[in-house]
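Let's talk through the charged side chains of this model together. Have a look at the sequence and structure first, then follow the questions below.

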Amino acid sequence: MPIQLPTPVYKPAFNITRASHVVHRVADLAASRAFYVELLGLVVSDEDRETLWLRGLEEGCHHSLVLKLGEPGCERVGLRVLTEEDLDLAQRHFERTGFPTSWVDVPHQARTLHTRDPAGTPLEFCATMETRPRLFHQVESHRGACVHRLDHVQVVTPKVDASLVFYNEMGFRLSEYVVSDDAIFMVFLQRKGNPHDIVFAEGPGPRLHHVAFTVPDTQSLMLTADLFVRAGKAAQVEFGPARHFSPGLARFLYLLDPDGHRVELFPTHYQTIDIEDEPLRWQAPDFQIGGWQTPPPGWFKDASAFTRS
Ligand SMILES: [Fe+2]
């Protein structure tokens, strides 16, 4: 049976600009800080006894990763819209299409809208947040992997088809997809002009598979793996450094944080913006996730459950 792809929506009802941030719950803030700040090189924008707000060296907005003390899980995926008006248009769009919304107060963010996608992935949208200096040129601030910015998230979901329709309606463009047995089981969706802001892979969920950050170069992947070994944390190096011979074609390193939340580091992606950029189709046997490496079983099986609230 031929695969039917949705028609791209070039002028959506509101303007989402990118994947912006992830909110995780963690069991031990000191252990998380050692992982994300000392080894990955994220910068602390703010902290209190229960929360760490982190950003990458390139990032001028307050946070791309929020770590809250609590039962480990992923609380929410954050997306940015361009203007406050886009937020109101988003709220009307979700209500009209049957997705309940709520307005919430979130520290360091302007007005914030919550909803859930068809599989139940908790989403939040905001147009602005507080700003902080970009530190990529301040080498005295650099540590570990020198993470630059959040690039994308990947979600495991039993509803890949419904997710494709839902995000396509919001103007996400399909950059690449993977087909098996004449069904789509992975979709790579983007707003910012590189291959993905959010990825959906078929499986029990919704669960957050990973959050991906960019690092300066390929050598950073080797350096980071070495740092984890030297710190006695080799067990947290899950997969890589290697290259995806699969969507994105990125070189990568997957790490597991102290609570099992998965982080991908990678140096760069290609650009995909123009209207003639058609979605790329992948199908076994040409689809090799790890190129010259085979992913460990846990990479397929394990992901962070979304919390209830
Ligand atoms: Fe990824």
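Q: How many salt bridges does the structure hold?
A: A salt bridge here is a side-chain nitrogen of Lys or Arg within 4 Å of a carboxyl oxygen of Asp or Glu. This is a predicted model, where local features need pLDDT of at least 70, side-chain atom pairs count only at pLDDT 80 or more, and totals for chains, interfaces and linings use all residues. Residues are numbered from 1 along each chain as its sequence is written, and side-chain values use heavy atoms, with hydrogens and water left out. The count of salt bridges is 14.

Q: Which residue forms a salt bridge with glutamate 47, and how far apart are the closest N and O atoms?
A: The partner is arginine 33. The pair links distant parts of the chain, with glutamate 47 in strand β2 (residues 43-47) and arginine 33 in helix α1 (residues 29-39), 14 residues apart; helices (H or I, at least four residues) and strands (E, at least two) are DSSP runs, numbered from the N terminus. The closest N and O atoms of glutamate 47 and arginine 33 are 2.7 Å apart.

Q: Is aspartate 151 buried or exposed?
A: Aspartate 151 meets arginine 149 in a salt bridge (2.9 Å, N to O). Buried means under 20% relative accessible area, exposed over 50%, and partly exposed in between (1.4 Å probe, protein chains only). Because its relative accessibility is 0%, aspartate 151 counts as buried.
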